[in-house]
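Please keep the sequence and the model in view while reading.

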Amino acid sequence: MLAVEIKNLHRFYGDFEALKGVTFEIDEGEIFGLIGPNGSGKTTTLRIIATILKPSKGIVKVFGYNVVREADKVRKLISYLPEDADLYKRLTGLENLLFFAKMYAKTNDEIKEMVRFGIAISGLGNRIHDKVETYSKGMRRRLALARTLMVKPKLAILDEPTSGLDVYASVNVRNSIRKFVKETGSTVLLSSHNMLEVEYLCDRVAFISKGKIIAIGSPNELKEKYGATNLEEAFVRAVESELEET
């Protein structure tokens, strides 16, 4: 079954066309990367899938549900981590998880299970009992990720999950994402500027540039197609190839 289906997606901001006919599909259980430079349309695409923005034109479905006509049903299946996700800094990490678990869970047992899973994903150990205001940026990002994934969404949408983190913190976040997918079988859609991260995590990748998808494939397929040694080099060559054709 398709987790995400996007056909001919357009999005205007006034006279500016941010998305110009974006089309791609994501299989259930897949980790799918959407990568491109700032202003390429990545975050706009993620926000439309997350039902935060409405498309100007085109069709977007999540597990068969239309994100415009059936937005409420879509929201029950997804969880979204924005690049600038906020936490309650005066609460402890545990209190943050409890607060959000109570918004989603219907029973005390479900709350306990969500929080248990969130603690495990965060990898914060005993620091889960400390106030968030004492956390490093990496610890806050890991807690925000845990908050997003602990509800075990069918589709997790992650916008720059390791933005601004050092190597050690980034590795912890990537390991948490891998662990989540392995344990739940959920689907993950992520955007990132970190090509190494994308190459390590993703089953397939879509290159987006100036509001258009210019290439899709596994990291190895894309490297082979563009004669590149890494995904960053493949992206640059894909953009150059697109410019030559236009």
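Helix 4 (residues 108–122) contributes three residues, the largest share, to the lining of the largest pocket; helices here are DSSP runs of H or I with at least four residues, strands are E runs of at least two, and both are numbered from the N terminus. The model is predicted, with local features needing pLDDT of at least 70 and side-chain atom pairs counting only at pLDDT 80 or more, while totals for chains, interfaces and linings use all residues. Residues are numbered from 1 along each chain as its sequence is written, and side-chain values use heavy atoms, with hydrogens and water left out.

The largest pocket has a volume of about 380 Å³, and of the 14 residues that line it, Lys 76, Tyr 104, Met 114, Val 151 and Lys 152 are the closest to its centre. A pocket is an open set of points, on a 1 Å grid over the protein atoms alone, where a 1.4 Å probe fits, with protein on both sides within 12 Å along at least five of seven lines, and lining residues have an atom within 4 Å of a point. By class, the lining has seven nonpolar, no polar and seven charged residues, where Asp, Glu, Lys and Arg count as charged, Ala, Val, Leu, Ile, Met, Phe, Trp, Tyr, Cys and Pro as nonpolar, and the others, Gly among them, as polar.

Four strands form an open antiparallel sheet in the order 2-1-4-5, two strands being paired if DSSP finds at least two bridges between them. Strand 2 (16–27) and strand 5 (65–66) each have a single partner strand, so one side of each is left without a neighbour in the sheet. Strand 1 (residues 2–13) and strand 4 (residues 57–62) pair over five bridges, and Ile 6 has Val 60 in strand 4 as its bridge partner. Helix 1 (residues 42–49) packs on this sheet, touching strand 1, strand 2 and strand 4, with contact meaning heavy atoms within 4.5 Å.

| Residue | Relative accessible area | Class |
|---|---|---|
| Asp 72 | 54% | exposed |
| Phe 63 | 5% | buried |
| Glu 160 | 6% | buried |

Phe 63, in the loop between strand 4 and strand 5, has a positive phi of about 50 degrees although it is not a glycine. Glu 160, in the loop between strand 7 (155–159) and helix 6 (167–184), likewise has a positive phi of about 50 degrees. Asp 72 lies in helix 2 (residues 71–75).

Terms used:
Points joined across faces, edges and corners; volume = space filled by probe spheres on them. Axes fitted to C-alpha atoms, helices over the stretch in contact; angles between N-to-C directions. Buried < 20%, exposed > 50% of the residue type's maximum accessible area, 1.4 Å probe, protein only.
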